[in-house]
Amino acid sequence: MHQLTFITQEALYLTLIVSGPPMVISLLVGLIISAFQATTQIQEQTLTFAPKLIVVFGVLAIAGTWMGSQLLRFTFHLFDRFPEMLGR
């Protein structure tokens, strides 16, 4: 039972680490665009959508190999620990 808790904790931590770069960049772009909207008084709700989408896809293209390698490393580590978790 302790191993399952530890693996769940590792998985949640990895999820935070892997999803961090796109989320932070998206938040920064949203903040910059909202500051631009406040100074120019443009109140278009869809203005933030396209730049955020482009930036997030760019971050995923740049950091995608790193993210994939982290997820693959965790999966291999998890598969290596299956016999230990089953008690054999």
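This is a predicted model: local features need pLDDT of at least 70, side-chain atom pairs count only at pLDDT 80 or more; totals for chains, interfaces and linings use all residues.
Q: What do the buried residues of helix 1 pack against?
A: They pack against helix 2 and helix 3, which spans residues 82-86. Buried means under 20% relative accessible area, exposed means over 50%, and partly exposed lies in between, with a 1.4 Å probe and protein chains only. Contact means heavy atoms within 4.5 Å. Helices are DSSP runs of H or I with at least four residues, strands are runs of E with at least two, and both are numbered from the N terminus.

Q: Which residues in helix 1 are buried?
A: Ile7, Leu14, Val18, Pro22, Ser26, Val29, Gly30, Ile33 and Gln37.

Q: How many residues has helix 1, and what does it reach end to end?
A: Helix 1 has 39 residues and reaches 55 Å from first C-alpha to last. That is close to the expected 57 Å. The expected span is 1.5 Å times one less than the number of residues.

Q: Where is the kink in helix 1?
A: At glycine 20, shortly before proline 21. The kink is about 45°. The bend at a residue is the angle between axes fitted to the seven residues ending there and the seven starting there.

Q: And helix 2, where is its kink centred?
A: On alanine 63, at about 60°. Ala63 is also one of the buried residues of helix 2, along with Val59, Met67, Gln70, Phe74 and Leu78. The buried residues of helix 2 pack against helix 1 and helix 3.

Q: Which residues make up the largest nonpolar core?
A: Ile7, Leu14, Val18, Ala63, Met67, Phe74 and Leu78, 7 residues in all. Helix 1 (2-40) and helix 2 are the elements that give two or more residues to this core. The largest share, 4 residues, comes from helix 2. A nonpolar core is a set of buried Ala, Val, Leu, Ile, Met, Phe, Trp, Tyr and Cys residues joined through side-chain atoms within 4.5 Å.

Q: Take valine 18. What does it touch?
A: Trp66, Met67, Gln70 and Leu71, not counting residues up to four places away in sequence.

Q: Where does glutamine 70 lie, and is it buried or exposed?
A: Glutamine 70 lies in helix 2, residues 49-80. It counts as buried because its relative accessible area is 19%. Leaving aside neighbours within four places in sequence, glutamine 70 is in contact with Leu14 and Val18.

Q: Which side chain joins glutamine 70 in a polar contact?
A: That of arginine 73, at 3.1 Å. A polar contact is a pair of N or O atoms within 3.5 Å; within protein, one must be able to donate a hydrogen and the other to accept it, and residues adjacent in sequence count only if both atoms are side-chain atoms.

Q: New topic. Where does arginine 81 lie?
A: In the loop between helix 2 and helix 3. Arginine 81 is buried, with a relative accessible area of 12%. It touches Phe6, Ile7 and Glu10, not counting residues up to four places away in sequence.

Q: Why does glutamine 41 count as exposed?
A: Because its relative accessibility is 67%.

Q: Glycine 68: what is its relative accessible area?
A: It is 34%, so glycine 68 is partly exposed. Its C-alpha is 8.8 Å from that of valine 18, 50 residues apart along the chain.

Q: Back to the whole protein. How many helices and strands?
A: 3 helices and 0 strands. The pattern along the sequence is α-α-α.

Q: What is its radius of gyration?
A: 19 Å, whereas a compact globule of 88 residues would have one near 12 Å. The radius is taken over C-alpha atoms, and the globule rule is 2.2 Å times the number of residues to the power 0.38. The C-alpha atoms fill a box of roughly 65 × 25 × 15 Å along the principal axes.

Q: What share of the 88 residues count as buried?
A: 19%. Among contacts between residues at least 6 apart in sequence, 69% join residues at least 24 apart.

Notes. Residues are numbered from 1 along each chain as its sequence is written. Side-chain values use heavy atoms; hydrogens and water are left out.
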